[in-house]
Each structure stands twice: as structure tokens, then as C-alpha cells.
Amino acid sequence: MPHDITLLGAYVPVLLALFFAGIVLSWVLDRILGYIGWYRLVWHPSLFRVSLFVCIFGALGLTVYR
Amino acid sequence: MSTVAPPVSGWRGVWRMLANDWTVSEGPAWLHVGKTLCAALLTLWLAMRLELEQPRTAMLTVFIVMQPQSGAVLAKSFYRIGGTVIGCIITVILVGLFPQDHVWFLLAMSCWMAFCTAGATRNRNFRSYGFVLAGYTAALIGIPSMDQPNAVFDSAVTRLTEVSLGILVSTVVSAVIFPQHVASKIPQFVRGRFASFVEFIAGSLSGRIDRAGIEASNLRFVSDVIGLEAARSMGVFESPEVRLRSARLSQFNHDFMAVSTRLHALHQTLNRLRAKTDLGERRQAQSVLTAFEPYLREIAPCLSPIEAPVLQASDAHAAARRLADYRVTLPVRVAQTRADLSEQLNTQSCTQPIRQAALLDFDTAAELFYRFVDELHVYTETYASLAEAQSKHAVSGRPYVPKTGLLVSTVSGLRAVLALGLMCFFWYAVAWPAGALATIFAGVGCAIAATSPNPFRTAYQLSIGALIALPAGALVNFVLAPQVDGFPLLASILTPFLIGGLYLSTRPGIGGVGVGFLLFFGFGAVPDNPIHYDPIGYFNNMIGITAGNFAAAAAFGLLLPPTSGWWLKRIVYDLRQLAVKACVGPRWRIVHSFESASRDLMHQAGALIEDKPDAQKVALSWMFVTLEIGHAMIELRTETAALVDSAEFARDHRWALPLYDARDELAKLFENPCIEYRRSALAAIKRAIDHVQQKAGATELAPLMQDTSPLPADAASSARLEPAFGGTAPPLPLRQRQRLLRIVSYLHFMRSALLDPMTPLPGGSEFREFPLGVADAA
């Protein structure tokens, strides 16, 4: 994948776009996990959510920089 | 070691006790200080590492966003990012529209800031934060770069990057390191509120609580409603459990307002009966009370009996069932009591009107009581549904949104425009090099202070903070910073100042000084990337900032200061307008907003007059009379509308004319309270009561119950009703007649509210209605 994309004539790093994609993805996943009651089994829900986002964003980032 | 209260022995015991005390009282504040410091330094390091132009912007963001509760940080961050993005876009547009045209640009910028300040005043939840940010981001980027239109896009992007970095770090730090969840406190809060409400019901219905106690409790209920709503709006950001229950929590609040209004009305009715001094009516009032009192004592045991108290949401199911069972038995029993009372009144030697008035009192109390039980049942059910993560419990209420009145918001916007305009004028007139910063910070000060309940105090404290930051920043910049090298040493010289400021900001009452110090110390002392060593520039800028802040404080102190009384008058006016709307406004809209809007106004009044008990009393009594009249009026209109639509009344609309007349008279009274209108409203209500009673036929017999009242009661009473009609006119269906009698009870309630000696309406306790005979003749 290219490292930059053009948005309205300005160069924008693909990572930024992936960051937002990661937010959307983890938001959806978070909703689902919350609905099925997963967070009641987790020791530190906020830490879990942050880590989940880091994992998702990292995985997406690997598609660009590998 | 025993498990019960360890004995304090020797030094170790004393130390342990002191340590425990400290963790409870000071612990949370210091935890907040530590977390904020950690987030601020981490942000600063990252910003330096990423070579952002102004690392201080990122760090200042941390100070602004950080809150003791994680949910508050998330909510604030969300709106802050939104506000910053909008502010950046507006700046680019404004600079593009007026390149190098100072007058027009500054004019447009002032208007934008005024709009944002007004928005920040109008919205009193986290959304206000978005407005503040949208306003001052525009000023912060736009004004310094108005001469270089080409640079504005870059500086907007840089600013956005810095702000986002600060937000990201503070969010993660506050959520991950010792998170303090609002969400975890909500169940406890809800439980406490339910328990105290049960207690209040028991106390107020038995007449144990006096008026001062009722006032205090109602004020507490108002702040409870607002507090739960705030907790809910933060909780949805931090916990999936709260998010699942969000709608039901709103509903819980909504039901609570409904049931507490009803309780208040019932309580007022009973109190007015108790307070009847007229010798002719006193005995009858006493008999009504005696007949009614057994019911009042049944509620508390039914709700939370001593052998099975409702301690948490899951226990409430049983209570809701008990209430439902109890409600089913009510109509038959009340009908019986009424018949007994009627007989008892017959034996007493009193005139027919007095006897009828006593029965009307009983009917009114019975109707209020029945509705109270019904609403209490709904409230308890909502409470019970909170125990489950998912529930099919019906939710109808809309979330309650705190809003400030339009006039007050407009004034606050105009004040900002004036402060900014004067500052700009001064800047241009004396060609002051730091004028730009002074203008910017006058705007920033107006915007930040506009969100607080006492803006003048906040703006003033911010300026004091700026004043302290001036020498502190100089010390760091020109004495300490030149001697250190590298980030760890820079952090170590900043830390003592930051801890001091942070600790100050956690102190209630003087928090503004701490915030001001942090913001302006951060602005002055944290080096740019790369570092500039510029003492003259520093002093110029800091003096400009301080002057700007004082200008904002002066604007709040001099231009229609919010605490000077006009705002309170406005709130009372808005309360009255609410009653007017309840009378003549669109019905479907007022039904939803009436309860929360009146609480919201009361809350605003409460924040304004914390230290003035007299003013508080006046505002409260207006809230009570608005709630009583408005609520009864809304119900009256609902019943009337249902009747007008029904088959029996569709042919002839004129029957409702006296009702409309009473409604209009009441609207007139609340629009413009004066003794004549109060008299004419009372007369109109009296006419309406007579008219509707006549329409309903035998007032003698029917009990007043709701539509949901079970059929056995209808059957029982209709069996006894039949002879009353005597076959002359075609009898109305029982349901419609009950509706009419309910209308009478609401009218009667409004009448007694207008006659209450404690009312703030003109005339006060000296007020005398015309003698009954005169009113009839008129």
C-alpha cells in the first residue's frame, strides 16, 4: 500500500486514515462485546479496550509498513 | 487483629489512622494531581519528540481536558476535538474571506466568538465545551496569522495535531491508570435516591416534615435529577453497562420527576386541608382528613416493608408487584370510604355547598393519591429494570438536556463581543505589540468563564492565576531553564510549579486560580520548538495575557453581571412562561419538556443564589406554583382533549368553553401576575367547576379513577349510579363521567393552589377571594 494519499490536494499519511478506520472497527467490536457482556469477565475493561484498539491499529498499520 | 474497629494503640495505630483519614479526604485530589502531571509530562515529551512547533499547546490541552473521572475526560475530549476541528475550519474560511483586511476580519472574528460564547452559555452539558473550543481555537490561530494568510492552513493543522496528541494521552492515562469511574457510582447513587425517596414519602404523607424540610428536600431532588443526568451522560462514555441502561436511566429520572411532582401536589392538598381555619369548614376538613389518612399510612409499608426492605434494584420487582396489587384494590375501597364520608357529613349540620366542597376535597385528594400510586408503581418498575443489563421495559422519556435561556445566552455573547471590541480598539489606538494576545485572551476568558455558574468569580480567578504565573514563568524561563539540559531536567524544574497549580485547581472555591495559573504558566514557561530566548517578548506577552483576562473579568463584573439579580428575575419569568405554555402552548411538546424544564430553571436559580436564602425561597415558591398549576393544567388539557374527541361530545364543542376560558384566564395571570387577574382566574375556575359538575350529573356518587382502573370498581359504582339518572336525559357512559369528574378535581386543585397563603402570586397571604355568593353572581 502507498504511504501517502491525497485528500483535497493535500498529502495525508495512510496511517491517519487507518487510525480512523481502527477507531470505527474497535467501536463496532466494543459495542458487540458490551452487548454480549464480555466486559463483565475482564479485570480492567478500559485497559482491555485500549489494548484492543492498539492491536487493531497495529494490525492495520502492518499492511502499510512491513 | 479483630475485625471490628481496631483499637488505636501506640504510634503505629495513630499513624495508620492518620493515613486512612488522608486517603479518604485528600487521596482522590492527589491521585488526580499525579495522573494529570504524568499525562502532561508524557504529552510534552511526545510533542518534543515528534518535533511539533508548540509543545505547550499539547500540554495545555491536558490541563484543560483532565478531570478526576474518566468518563468526564472522554466526554470533554470528544467535544474538544469537535470544537477544535470546527474552529480550525472557521479560521481558514475567515482568513480566506478577509485576507489582510484587519477591521473586517476582527469584526467577523468577534461575531464568531460571540456566537460561540452564547452557545457555551446556552448549553450547560459537555457540549458547551465544544462551543468554547470552536471559539477560542479560531481566535488563537486566526488573530496571530491574519497578516500571513498563507501560513494559516499550516498553523491550523499544527494546532489540531497538538490538541489531538494532548487529548489522546490524557484519555489513555485517565482511563488506564487507576481509573475513577462515574459508572461504578451510578448504582449506589440510584439506590440511595430510591431509599431516601421512600423515606421522604413516609415522612411527608404523615405530615412529619414541615415546609422548610419539604423545600430542602425538593432542592435536593432537583440537584439529584441534574446529578444523575450528568453521571449518565459521562457514564455512557466509559462503561458498556451504563450504555445499555442509558435510556432506562433517563426514564428513571423522568419518572422520578413525575412522581415527586405528584407527591408534592398531594402533600399540598392535604396541608391545605390541615390548615383550614374557617370555623364553618374546619370540621368537615377534619372528617375528610380522618377518612383519608389510613390510605397514606399504607404506602410506605407497601413500597418497602420492614421485613423485606428494598435495598437494591433487584428487590424492587417485588415492591412493584405489591404496588400493582394495592392499586387494583383502591377504587372499590375509595368508593366505600367516600360513601361513608358522605353519610358522616350528612349527620353533621352543615350547608349543602360546604358539604359538596368537602366531598370535592376528598375527590381531589383521592384522584391525586391514585395517580401517585400509579406513578410510583411505574417508577419502581423502572428502578427494578435497572438490575438487568437488557430489558424490555418501555421507555418513553427523552433525555433531559439542560439549557440556559436564550436572552441570558445572547447577553453573554454580546458581552464577549463588547469585551473583544474594546480590547481591539485599545490595541489599535495605542499600537500595543502585545495587543493581539490581550484580545485573544479576553475572548478566551469570556468563553471559559461563560460555562461556569458564577462567571465573574471564574474570570477573576483566572486573571489572578495569570498574575501569579507571570513571575513564576519568568523564574523558569530566565533563571532555571538556561541551566538545564535535556528533557528529564526540564521536567524536573517544571514539576514543582505544575504540582502547585494542579493542587490549587482541585481546591473547591479557588479552583479557578489553579486553572489560570496552569494555563498561563504553561503558555509562558514551556519552551517552543526550537527554544527562543526573548525576555522582552515574554514580559510583553504575559502582561498582554493578564490584561486580557482582567478585561474579561471586568466585562462580567460591569456589563449586566449575572449575579446581580436580573438573571434571577429572568428565571422566575421563564418559570411563569412555562406555566403559560402549559396552559396555551402546543400540548404534545409541553408534556415532554415541562417537568425537566422547570427543574432545570430551578437548578440555575439555585446556582445563582446559593448564599441568599430569601431569594431561594422566592424562586422555590414560584417553582412550586408553576409545577402545581402547570401539571394540573396539562392533565386537564389531556382529559379535555380526550373528551372532545369522544363520540358523546363530538357534536357539541361548546360544552368545553368555560374550561377554555379558565385556561386563558390562568395564562393571563401567569403572563402578568396581578390581583385582578388572580381574582378573575379564580372566578373562571369556579364557573368551570360548576359547569362541568352540572354536565357530569350526579356528583354525589362517582369515585374518580383513572382509565386503567379495573372494571370491578366501574361495575360496582355504576350499579349504585343507575338510580341517580332517573331516566330523564340519556346517561353518559361511566368512563366519560369519570373523566368529567377528574377534570373537576384538577380544577379544584388549581383553585386551592391559587388560594394558598404561601403562594408568591400577588396578594400573598392577605389575598381574599370574593365571597362565594358574589363570585356566583359575577
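Is Ser246(B) buried or exposed? Here are some notes to read beside the model.

1. **Before you start.** This is a predicted model, in which local features need pLDDT of at least 70 and side-chain atom pairs count only at pLDDT 80 or more, while totals for chains, interfaces and linings use all residues. Residues are numbered from 1 along each chain as its sequence is written, chains are lettered from A and ligands numbered from 1 in the order in which they are written, and side-chain values use heavy atoms, with hydrogens and water left out.

2. **The opening residue.** Ser246(B) is buried, at a relative accessible area of 13%. (Buried means under 20% relative accessible area, exposed over 50%, and partly exposed in between, with a 1.4 Å probe and protein chains only.) You will find Ser246(B) in helix α10 of chain B; helices (H or I, at least four residues) and strands (E, at least two) are DSSP runs, numbered from the N terminus. Setting aside neighbours within four places in sequence, Ser246(B) is in contact with Arg232(B) and Val236(B), where contact means heavy atoms within 4.5 Å. With Arg232(B) there is also a polar contact between the side chains, at 2.7 Å. A polar contact is a pair of N or O atoms within 3.5 Å; within protein, one must be able to donate a hydrogen and the other to accept it, and residues adjacent in sequence count only if both atoms are side-chain atoms.

3. **Where the two chains meet.** Helix α10 (residues 240-274) of chain B also pairs with helix α1 (residues 14-35) of chain A: their axes come within 9 Å and cross at roughly 80 degrees. That makes α1(A) roughly perpendicular to α10(B). On the α1(A) side the contact is made by Asp30(A), Arg31(A), Gly34(A) and Tyr35(A), and on the α10(B) side by Pro240(B), Arg243(B) and Leu244(B). These residues divide into 3 nonpolar, 1 polar and 3 charged. For the classes, Ala, Val, Leu, Ile, Met, Phe, Trp, Tyr, Cys and Pro count as nonpolar, Asp, Glu, Lys and Arg as charged, and the others, Gly among them, as polar. Axes are lines fitted to C-alpha atoms, for helices over the stretch in contact, and angles run from 0 to 180 degrees between N-to-C directions. Angles under 35 degrees count as roughly parallel, over 145 as roughly antiparallel, 65 to 115 as roughly perpendicular and the rest as oblique.

4. **Chain B as a whole.** Chain B has 28 helices and 0 strands. Of its 778 residues, 55% count as buried. Among contacts in chain B with a separation of 6 or more, 79% come from residues 24 or more positions apart.

5. Which way does α16(B) run relative to α17(B)? Helix α16 (residues 455-480) and helix α17 (residues 487-506) of chain B pack at an angle of about 170 degrees, with their axes 11 Å apart. That makes α16(B) roughly antiparallel to α17(B). Ala472(B), Leu475(B), Val476(B) and Leu480(B) of α16(B) make the contact with Ile493(B), Leu494(B) and Phe497(B) of α17(B). The residues of this contact are 7 nonpolar, no polar and no charged. Further along α17 sits Leu502(B), which is buried at a relative accessible area of 2%.

6. **The cores.** The largest nonpolar core has 126 residues, and Phe197(B), Phe292(B), Phe369(B), Leu376(B) and Leu666(B) have the most contacts inside it. A second, separate core of 83 residues includes Leu133(B), Leu140(B), Val163(B) and Val476(B). A nonpolar core is a set of buried Ala, Val, Leu, Ile, Met, Phe, Trp, Tyr and Cys residues joined through side-chain atoms within 4.5 Å.

7. Glu628(B) lies in helix α22 (residues 613-645) of chain B and counts as buried at 5% relative accessibility. Not counting residues up to four places away in sequence, Glu628(B) touches His264(B), Gln268(B), Arg272(B), Phe749(B) and Ala753(B). The side chains of Glu628(B) and Gln268(B) are joined by a polar contact of 2.8 Å.

8. **Two loop residues to look up.** Leu8(A), in the loop between β1 (4-7) and β2 (10-13) of chain A, has a positive phi near 50 degrees without being a glycine. Leu8(A) is exposed, at 88% relative accessible area. Glu51(B) also has a positive phi, of about 55 degrees, although it is not a glycine. Glu51(B) is placed in the loop between α2 (27-49) and α3 (55-65) of chain B and is exposed, at 67%.
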